[in-house]
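The briefing below concerns the model displayed here. Please keep the sequence and the structure in view while reading the grouped points.

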Amino acid sequence: MKHFHTLLILSLVILFGCNSDSDDTISSVNVTMAFSHYWEDMQVTNSDFNTLNYTNVKGNLLSIERLRYLISDIEFTKTNGETILLEGYNLVDVTNQTNLSFTPYQKILTGTYSNVSFVFGFVNEKNIDGAYNDLNAVSWNVPLMLGGGYHYMQLDGKFLNSNNESQGYNYHAIRAADNPGPNPTFPQDTFFRVNLGAITIAADTEISVAMHIEEWFKNPYSWDLNVYNQMLMPNSEAQILMYQNGQNVFSIDRIN
Amino acid sequence: MTFKRFSFLVTVFALGTASCNNESAESYINTPTPSPLQIPKLFQDLILDPVIPSNNPQTEEGISLGKKLFFDPILSANNTLACASCHKTPNAFTDDTRFSDGIDGLFGNRNSMPLFNLAWNYDNKFFWDGRDFGLENQVFEPITNPIEMHSTWEAVTDKLQKHPEYPELFNAAFGTRTIDSVLVSKAIAQFERTLISANSKFDKFLLGTATLTPEETNGFNIFMDESKGDCFHCHGSDNNPLWTDNKFHNNGLDTTFSDLGLGNVTGDPADNGKFKTPSLRNLAFTAPYMHDGRFETIEDVINHYSEGLQNSETIDPLMKKVDQRGVQLSSQEKADLKAFLLSLSDPDFIKNPDFSNL
């Protein structure tokens, strides 16, 4: 009988414990970020690649042949300022139409948040050379002579140069580095956090994020592909311009 | 519980166990022995797991059968040509001639691809133009190709079925003596997945057991420098031991294309002239180079990227300084780059008795 009582108490404890867990689960939901791409008002998919379709603000007629970029560390800010970090990264590959949406394994509590954001690229502490096997497997690495780690973005294509000839460009964003070699230096951070604004999460939610590709060439620097086209990874000046132009590239398209 | 009841339970249990043992013994006869791939440390540490189809796991019997088939000319119409005839072990499983000679004396227009580390081809697209999805599917083509083995699956399976050894070997590998094309392709694919090359000097350097010469070190730096060789965007780096992205690029060989490559598969003109990036492993053994074997030496290849690029509509934008026809390396830089590239060759791979018919 004594054992029976002990078992009963234990069962009640477990039962109430489980109920409590269930309550937490009910209020935790998945958040998905879905990425779409635009050149001004036109949506861009890989079916639009490989033709000189686009004109940047400097007047360069250009095509896109390859576009992939990395986002990481989605973060929600509560109205009291507390932040919730959803660890993880996602390599958006527009060329192959893969990873266009990303659902972190961590869930988030329903409620109102004053901001949702993500990092374009990796913060320096997580930009660890060779650390991520999936990124190594798709050759996303940055040479160690430039500090190692990973690309933030590869945007490749062709443009009509000042001689009216088709020429390649490689708009590759990485951590800006000077003095390439065994001991590179880093003039400034070139990853950046993209703030998307306030959001209310009531259930599983998909946040559609738009990348406006034309912004990479637009503001504040009117990008002239005749000046900056290839071999931009070791060019810290170009990297900082990419960082500056990147500030206005992303916005929320819609929330479902 | 009474003793009588206990005895009854023991008897039932014993009968059940005996019956289970019988079933195990019977099924064991035709159950091949699992033989998972031995994944090299660098691969384990740096990249994703290999791609093994769930319906064709690696087994000792399957690999052994695949090896026998790979080296056996029985697969060709006149019993003169084996897979290994054009994919030769001493050449890291490519041919040492530009084009390979089929059973009727006909030649194709592509250099036979080297075979190694195939299980890490994550996109699973095979051949220079990526036309076959999956290693098993790739196996199907050479056997019936008129300029290669020029046989039929009916003839091949008939010969194998009447062979004194093969039916039993298929039974051991797949649990059936009835041979068909699917089982042939599965066995050969299992063997091909074991062709792992991961013991070059550069591998040893990364593992801390070898030292690079100054020339090799400088060559690696040229390889990794976007302003110099910029080889790493397509061929990977010290963080990707495959030394290929397994993607398709137009690397500036021609201004017009007699062979459309990937474009012939997709029908998209934007893919014309694109071919799969080959791995840079084992270049010491795999000459001639490029999809059509046009370059006889590594020097020829380096000269192409340095001052031989041909512009075209589909040339990859990663090709640098096309207006100067290449990246303009100095003689010393070329020599150093070659020294580094040769450090990616793996003599143990071509000497591995598991990969030889001797």
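Asn179(A) is located in the loop that lies between β12 (166–173) and β13 (192–201) of chain A; helices (H or I, at least four residues) and strands (E, at least two) are DSSP runs, numbered from the N terminus. The model is a predicted one, in which local features need pLDDT of at least 70, side-chain atom pairs count only at pLDDT 80 or more, and totals for chains, interfaces and linings use all residues. Residues are numbered from 1 along each chain as its sequence is written, while chains are lettered from A and ligands numbered from 1 in the order in which they are written.

**Confidence**

- The predictor assigns the complex an ipTM of 0.90 and a pTM of 0.90.
- The average pLDDT of chain B is 93, and 92% of its residues score at least 70; pLDDT is the predictor's confidence in each residue, from 0 to 100.
- Residues 1–28 of chain B have a pLDDT below 50, and this stretch has 1 contact in the model beyond near neighbours in sequence. Two residues are in contact if their C-beta atoms, placed from the backbone, lie within 7 Å.
- Where pLDDT is low, predicted coordinates should not be read in detail.

**Backbone geometry in loops**

- Asn179(A) is not a glycine, yet it has a positive phi of about 55 degrees. It counts as partly exposed because it has 14 C-beta neighbours inside 10 Å; a residue is buried if 20 or more other C-beta atoms, placed from the backbone, lie within 10 Å of its own, exposed if 12 or fewer, and partly exposed in between.
- In chain B, Asn124(B) has a positive phi of about 65 degrees although it is not a glycine. Its place is the loop between α4 (83–86) and β1 (125–126) of chain B, and Asn124(B) counts as partly exposed because 18 C-beta neighbours lie inside 10 Å.
- A cis peptide bond, with omega near 5 degrees, joins Asn219(A) to Pro220(A). Pro220(A) belongs to the loop between β14 (205–212) and α3 (236–245) of chain A.
- The peptide bond from Ala287(B) to Pro288(B) is also cis, with omega near 0 degrees. Pro288(B) sits in the loop between β4 (275–276) and α13 (298–307) of chain B.

**Chain A**

- Chain A contains 3 helices and 15 strands, and 39% of its 256 residues are buried.
- Among the contacts in chain A with a separation of 6 or more, 70% involve residues 24 or more positions apart.
- Helix α3(A) is mostly covered, with 7 of its 10 residues buried. These are Ser236(A), Ala238(A), Gln239(A), Leu241(A), Met242(A), Tyr243(A) and Asn245(A), and they pack against β12 and β13 of chain A.

**Helix packing in chain B**

- Two packed helices are described by the angle between their axes and the distance between the axes. Axes are lines fitted to C-alpha atoms, for helices over the stretch in contact, and angles run from 0 to 180 degrees between N-to-C directions.
- The axes of α10 (residues 214–224) and α14 (residues 331–342) of chain B come within 7 Å and cross at roughly 100 degrees. The two helices α10(B) and α14(B) are therefore roughly perpendicular to each other, a description that applies from 65 to 115 degrees.
- Residues of α10(B) that meet α14(B) include Phe220(B), Ile222(B) and Phe223(B), and the α14(B) side includes Leu337(B), Phe340(B) and Leu341(B). By class, this contact of α10(B) with α14(B) has 8 nonpolar, 2 polar and 5 charged residues; Ala, Val, Leu, Ile, Met, Phe, Trp, Tyr, Cys and Pro count as nonpolar, Asp, Glu, Lys and Arg as charged, and the others, Gly among them, as polar.
- Helices α3 (residues 60–70) and α7 (residues 166–174) of chain B pack at an angle of about 145 degrees, their axes being 8 Å apart.
- Glu61(B), Gly62(B), Leu65(B) and Lys68(B) of α3(B) meet Leu169(B), Phe170(B), Ala172(B) and Ala173(B) of α7(B). This contact of α3(B) with α7(B) divides into 5 nonpolar, 1 polar and 2 charged residues.

**Ile302(B)**

- Ile302(B) is part of helix α13 of chain B, and it counts as buried because it has 24 C-beta neighbours inside 10 Å.
- Not counting residues up to four places away in sequence, Ile302(B) touches Leu329(B), Lys334(B), Leu337(B) and Lys338(B).

**Interface**

- In the contact between the chains, 21 residues of chain B meet 21 residues of chain A. The side of chain B that touches chain A has 11 nonpolar, 6 polar and 4 charged residues.

Notes. Parallel < 35°, antiparallel > 145°, perpendicular 65-115°, else oblique.
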